[in-house]
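Subject: Structure for your review

Dear colleague,

I am passing on the structure below, and my notes on it follow. Please read them alongside the coordinates.

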Amino acid sequence: MKAGTALSALSVVGFAAPRAARATQSSNFDSNTVRTLAHQLSQQAYQPPSQSLPTPLRNLNFDQYNSMTYRPEQALWHGENLGFEVEFFPRGYLYAPRIDMNEVVDGQSHPIAFNPDMFTYNDPALRVNDDIGFAGLRLRAPINTPGVMEEFCVFLGASYFRAVAKGQTYGLSARGFANGTGDPTGEEFALFRAFWLEKPKAGVDSVVLHALLDSPSLTGAFRFTIRPGETTVFDVQSSLYPRKAIAESGIAPLTGMFYFDANDRSRVDDWRPAAHDSEGLSMWTGSGQQLWRPLRNPRDLQFSAFTDVRPHGFGLMQRKRAFTDFEDVALNYEKRPSLWIEPIGDWAAGAVDLVEIPTPNEVNDNIVSFWRPQEALAAGREYVFTYRMYWGWDTPWPTKLARIAATRVGDATDDSHTRFFDLDFVGTPFDKLPDNPHFHLQCRTSAGEIRNVVVEPVEPIHGWRSTFEFAPGDAKVAELNCVLADDNGPVSEEWVYRWTP
């Protein structure tokens, strides 16, 4: 699309067009259409989408909103044997903004019109004939059973989206962009305000979705190529256009929940061993280091930054995969996906940021991680970030290093101010051992003292365990680092941990 046609295209996607026009208009669509729209929109003052709703749909509670159910037979592409179907969410409850939906067929974009008969209603009063539009969408595919269409991906609320792999249940989410996360002055949440769904060809195992991002600070164009399966993979091409300078930008942001586990449960009285969507931040740095940072539910907000250049990847990971790790028959935390981000191209210098927010329960998402470029984003420029997202059971790449299988923390028996740490290591280095292996723990701390280090084999886990005591002294915070090594050097990923009182 040529830049000169961007304003007319904005009306086509429904920002201002009346119902009849949206139902019949079509426009040319190609790989540059949404980029052109985003660039043109960035040169205008921000105008949020409509949040006006008919009286029956105002102030809905959770149960009322969920009682409006999409009819499966009304799904886009239903019965066409294309391998994918799309269902739409109604507006209301937490999802008031009107989000425009479009189908792309053979290079032509057609608005998808709202019809109240797309839904069933437990309460007939919630059925309205007004063209209220949609709040978001879900993708369905035969991800678990051939021929059975099941939901595997959702785009709903601000720029949030989430997905699962085969056999999984929903857990952590991703976002299009983060701005000011953890800033005391407040965070700005960008919004996917329009989507374009390319109609797939028969026999193709992927579906392409375009999204237009908008916020007071920037606009963006996203192209998602989505392939569900044993690991569900998103190829993401994003182009960002700041309206103003952005100092605290977050690229490929991940959002999850950590309530408690054996490393952090001092303020929790709960019968279960653990409760979390993710247990650690994993990083593979540009210099080749593999880092593991166990998550915490801190007393005060914690912000960590891991500086890097050209990172190989990072992700919020769920490594515990046994029912007995959680003992929760309803929430199935052991089936929640890990999400790994693989940068494609040169992301230059920056940092993987981690924000840990105190939470009194498991309802709130309190963990955020993202890539923050070293240089602030300047107004009036284009920034392109391409990356691959792996929603699955583990990282997509093998490692010869031992990995941290558990981090346990408690009081030392002889001193309530001293903490006792237990790290379990498992993996390839222990598959074939000499008769008398010499493993030791290399560790350091930024404050206090690490003492009484012990390393020993643990047959039930087919790995090795290291324990030590940490005496913080008068320190208010300490950064601890440990790696398991033999006579030839490190054999494990590096464990990094922030201690606070």
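In which loop does E327 lie? E327 sits in the loop between β22 (313-317) and β23 (338-344), where strands (E, at least two residues) and helices (H or I, at least four) are DSSP runs numbered from the N terminus. Before going further, please note that this is a predicted model, in which local features need pLDDT of at least 70 and side-chain atom pairs count only at pLDDT 80 or more, whereas totals for chains, interfaces and linings use all residues. Residues are numbered from 1 along each chain as its sequence is written, and side-chain values use heavy atoms, with hydrogens and water left out.

To return to E327, its phi is near 60°, a positive value in a residue other than glycine, and the residue is partly exposed, with a relative accessible area of 30%. In these notes buried means under 20% relative accessible area, exposed means over 50%, and partly exposed lies in between (1.4 Å probe, protein chains only). W77 also has a positive phi, near 75°, in a residue other than glycine; W77 is found in the loop between β2 (68-70) and β3 (85-89) and is buried, with a relative accessible area of 3%. As background, most residues other than glycine have a negative phi.

For the chain as a whole, the secondary structure comes to 4 helices and 34 strands. The radius of gyration, taken over C-alpha atoms, is compared with a globule rule of 2.2 Å times the number of residues to the power 0.38; for 501 residues a compact globule would come near 23 Å, and the chain has 25 Å, which agrees. The C-alpha trace spans about 75 × 45 × 45 Å along its principal axes. Buried residues make up 55% of the 501 residues. With contact meaning heavy atoms within 4.5 Å, residues 24 or more positions apart account for 67% of the contacts with a separation of 6 or more.

What lies in the interior? A nonpolar core is a set of buried Ala, Val, Leu, Ile, Met, Phe, Trp, Tyr and Cys residues joined through side-chain atoms within 4.5 Å. The largest nonpolar core has 85 residues, and those with the most contacts inside it are F88, L137, F155, L197, F224, F234 and M389. Apart from it lies another core, of 29 residues, among them W340, W397, L423 and L480. Not counting residues up to four places away in sequence, L197 touches several residues, including W77, F88, N102, E103 and L137. In soluble globular proteins, nonpolar side chains tend to be buried together.

Helix α3 (residues 33-42) is mostly covered, with 8 of its 10 residues buried, among them V34, L37, Q40 and L41.

K166 lies between β9 (160-163) and β10 (173-175) and is partly exposed, with a relative accessible area of 33%. Leaving aside neighbours within four places in sequence, K166 is in contact with I143, N144, G229, E230 and W393, and its C-alpha atom is separated by 7.8 Å from that of T232, 66 residues apart along the chain. R91, by contrast, is found in the loop between β3 and β4 (100-105) and counts as buried at 2% relative accessibility.

With regards
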